[in-house]
Number of protein chains: 2
Amino acid sequence: MGGVVALEEERGPSRGLQPLLDLVADDMGAVNGLILDKAVSDVELIPKLAHHLIDSGGKRLRPMLTIAGAKACGYRGSGHIKLAAAVEFMHTATLLHDDVVDDSDLRRGQQSARLIWGNQASVLVGDFLLGQAFRMMVQVGCLPALEILSNAAATIAEGEVMQLAAAKDTSTGEGDYLAIIDAKTAALFAAAAEVGAAIAERPQEERMALASYGRNLGMAFQLVDDALDYAGDSRQLGKSIGDDFREGKITLPVIVCLRHGGDEERSFWRRTLSEGRIEAADLERAIRLMHTHRAIETTLERARQFGAGARDALAGVPAGPATRALDDVVEFCIARAN
Amino acid sequence: MGGVVALEEERGPSRGLQPLLDLVADDMGAVNGLILDKAVSDVELIPKLAHHLIDSGGKRLRPMLTIAGAKACGYRGSGHIKLAAAVEFMHTATLLHDDVVDDSDLRRGQQSARLIWGNQASVLVGDFLLGQAFRMMVQVGCLPALEILSNAAATIAEGEVMQLAAAKDTSTGEGDYLAIIDAKTAALFAAAAEVGAAIAERPQEERMALASYGRNLGMAFQLVDDALDYAGDSRQLGKSIGDDFREGKITLPVIVCLRHGGDEERSFWRRTLSEGRIEAADLERAIRLMHTHRAIETTLERARQFGAGARDALAGVPAGPATRALDDVVEFCIARAN
């Protein structure tokens with residue numbers, strides 16, 4: 001925590017998401033128009049299912065990073081609009097496939113698409129959105145941006161497979177966990193920010209700085225998400241408390257408990273997470289154990305460390321309102337936990 | 001049949017797949033090496049599952065079209081190798097997702113990946129292979145090829161969703177069916193052939209000629225496949241006879257029967273395909289009805305028409321051994337039915 005306080009003293013207090021929202025408002029209008037346009041298909045089921053997710057009120061944080069990244073690098077063209085829409089489609093496709101993989105019934109506080117239209121349609125419409133994402137990127141014609149985003153696509157899938165392989169495995173360590181969230185979440189945050197610099201044809205160092213910003217921000221974001229799954233408010237979160245618990249996901253709060261708990265506690269985690277034999281009071285007990293071992297605090301502390309890394313990385317990006325807005329986003333992502 | 005015989009008289013008898021195999025042997029060695037290389041990942045489950053499909057002895061017809069297309073257009077570089085591997089990965093990813101969507105237990109005569117490793121892993125490894133496909137294409141750096149293949153990716157997914165929506169719906173007409181196979185199968189054949197011309201930087205007419213060749217060949221290929229599902233040898237086919245029947249797919253052989261059969265027959269098709277209430281002797285009855293209505297012959301006749309279209313399209317491609325080998329492939333694809 002100390003590090004972040006020190007940074008705030010240097011840089012002034014965070015103003016949350018508002019500066020970013022103001023900065024990107026016009027461009028995000030165009031991005032949102034494009035998103036609606038590219039979810040169109042003569043095949044009726046596609047727009048129906050795509051809109052279910054598109055209209056469900058995600059924050060569109062990732063495409064905003066692309067827009068702000070491009071602005072921070074002084075980009076003056078219009079290619080960042082298509083890249084931002086492509087980034088959001090990649091994310092939406094991942095959500096559709098995730099829900100199938102996790103058997104999720106709820107997404108952003110609504111019934112998940114797979115619950116309404118079935119796993120089959122969710123898999124295929126996810127594929128369609130991924131295809132549309134690539135079409136948009138290709139239309140922009142910026143090979144470095146294509147390279148960044150196609151690398152991210154492969155890495156995200158790799159991360160999802162890693163997560164699947166680690167699920168229910170209570171021997172998963174903090175290093176494994178960090179590698180998983182790096183691939184499944186932080187890689188797209190990193191790519192989203194970096195393509196802003198790539199399309200602006202900025203030097204390699206600036207691209208790397210924005211990539212590092214995005215990567216650290218994505219790590220912080222996912223750590224907070226995983227903490228909230230045991231400590232959040234389900235209405236605000238748009239998913240149920242305890243989803244990760246029920247799905248046997250081994251996230252950092254659990255790993256902290258496993259590290260500090262005795263044999264009896266470890267057999268509790270094995271019964272619930274590995275064997276999936278969950279009884280009525282088990283989630284409450286899990287949350288109690290997290291209090292005992294300060295697992296949520298430890299997770300959020302780790303999030304703050306990555307947050308500080310994200311802010312540090314911005315030193316490599318030209319100063320200005322866009323860069324300041326990106327700085328403010330960091331605190332917003334972490335403040336979700338309060 | 002008459003049309004094809006006439007064509008053979010003009011062009012000499014078909015020599016099957018062998019000329020193509022000989023023509024592309026060296027390059028396909030490199031493609032196969034690349035396929036193995038790009039299925040590698042530190043995430044153990046990925047190469048395991050990918051190899052299950054890669055090693056299962058598919059013909060690799062689509063990447064061979066890319067190699068032969070490039071050769072027909074006089075291409076002298078090495079970018080066609082990566083494009084061909086990318087085409088095969090796109091196909092493999094589609095197969096993995098298809099098996100999940102169709103609940104298939106068998107693929108190329110082996111247990112399907114989803115039966116061994118589960119639907120979740122099949123969805124995610126499919127996503128990984130698609131990501132790797134895009135990475136390879138981007139590395140080649142040929143924007144027209146990227147445009148062709150990213151368009152195909154979106155179209156294939158659209159076709160799969162169309163097929164899903166039409167499944168079990170006995171009001172599906174021949175036009176609907178042709179639109180489905182055009183998107184789900186012929187689009188990738190077309191793209192595979194066209195990128196050969198694109199990377200050779202050949203004029204638009206030559207690209208269109210190879211695209212038309214591939215599209216017609218893909219239509220013929222799928223029509224034969226759909227005929228074989230009721231008339232083939234399951235060992236040769238690598239899938240069980242009657243898969244489409246059990247999955248309620250409305251393919252052309254069924255559409256022909258629905259068109260010519262009376263009320264009693266239509267209620268048979270509705271019970272089996274729409275309602276999925278299939279009894280022991282029903283597949284036999286379906287096959288008998290197809291004999292009665294010459295449904296397999298009609299389907300194969302349609303395949304031959306598309307085959308003739310494929311051969312005609314080659315008139316727009318420079319003559320030479322590669323173009324002759326592509327011509328021979330047409331007859332091979334149709335002869336599978338004998």
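Helices, like strands, are DSSP runs numbered from the N terminus, a helix being a run of H or I with at least four residues. In the predicted model described here, B:L124 lies in such a run, namely helix α6 of chain B, which covers residues 113-140. A residue is classed as buried if 20 or more other C-beta atoms lie within 10 Å of its own, and because B:L124 has 31 C-beta neighbours inside 10 Å, B:L124 counts as buried. When neighbours within four places in sequence are left aside, the contacts of B:L124 are with A:V101, A:A157, A:E160, A:V161 and A:L164.

The contact between the two chains takes 35 residues from chain A and 35 residues from chain B. On the side of chain A that touches chain B, the elements giving two or more residues are α3 (45-54), α5 (79-102), α6 (113-140) and α7 (143-166) of chain A, and the largest share of that side, amounting to 14 residues, is supplied by α7(A). By residue class, the side of chain A that touches chain B comprises 22 nonpolar, eight polar and five charged residues. Since 100% of the interface residues of chain A are also interface residues in chain B, the copies meet through the same surface.

In general, two copies of a chain are related by a rotation about an axis and a shift along it. Here, chain A is superposed on chain B by a rotation of 180° with 0.0 Å of shift along its axis, the RMSD being 0.0 Å. The two copies are thus related as by a two-fold rotation axis. The residue of chain A that comes closest to the rotation axis is A:V123, whose C-alpha atom is at 3.7 Å.

Chain A contains 16 helices and two strands. Its radius of gyration is 20 Å, close to the 20 Å that the globule rule gives for 338 residues, and chain A is therefore as compact as a globular protein of that length. Taken along the principal axes, the box filled by the C-alpha atoms of chain A is roughly 60 × 55 × 30 Å. Of the 338 residues in chain A, 59% are buried, and among the contacts in chain A with a separation of 6 or more, 77% are between residues 24 or more positions apart.

Helix α9 of chain A, residues 204-231, has 28 residues and reaches 40 Å from its first C-alpha to its last, close to the 40 Å expected at 1.5 Å a residue. With 25 of its 28 residues buried, α9(A) is likewise largely enclosed by the rest of the structure.

The largest nonpolar core has 246 residues, and A:A220 and B:A220 are those with the most contacts inside it. Not counting residues up to four places away in sequence, A:A220 touches A:A303, A:F306, A:G307, A:A310, A:V330, A:C333 and A:I334.

Methods
Residues are numbered from 1 along each chain as its sequence is written. Chains are lettered from A and ligands numbered from 1 in the order in which they are written. This is a predicted model: local features need pLDDT of at least 70, side-chain atom pairs count only at pLDDT 80 or more; totals for chains, interfaces and linings use all residues. Two residues are in contact if their C-beta atoms, placed from the backbone, lie within 7 Å. Ala, Val, Leu, Ile, Met, Phe, Trp, Tyr, Cys and Pro count as nonpolar, Asp, Glu, Lys and Arg as charged, and the others, Gly among them, as polar. The radius of gyration is taken over C-alpha atoms; the globule rule is 2.2 Å times the number of residues to the power 0.38. A residue is buried if 20 or more other C-beta atoms lie within 10 Å of its own, exposed if 12 or fewer, and partly exposed in between; C-beta atoms are placed from the backbone. Copies are superposed by least squares on the C-alpha atoms of residues with pLDDT of at least 70 in both. The expected span of a helix is 1.5 Å times one less than its number of residues. A nonpolar core is a set of buried Ala, Val, Leu, Ile, Met, Phe, Trp, Tyr and Cys residues joined through C-beta atoms within 7 Å.
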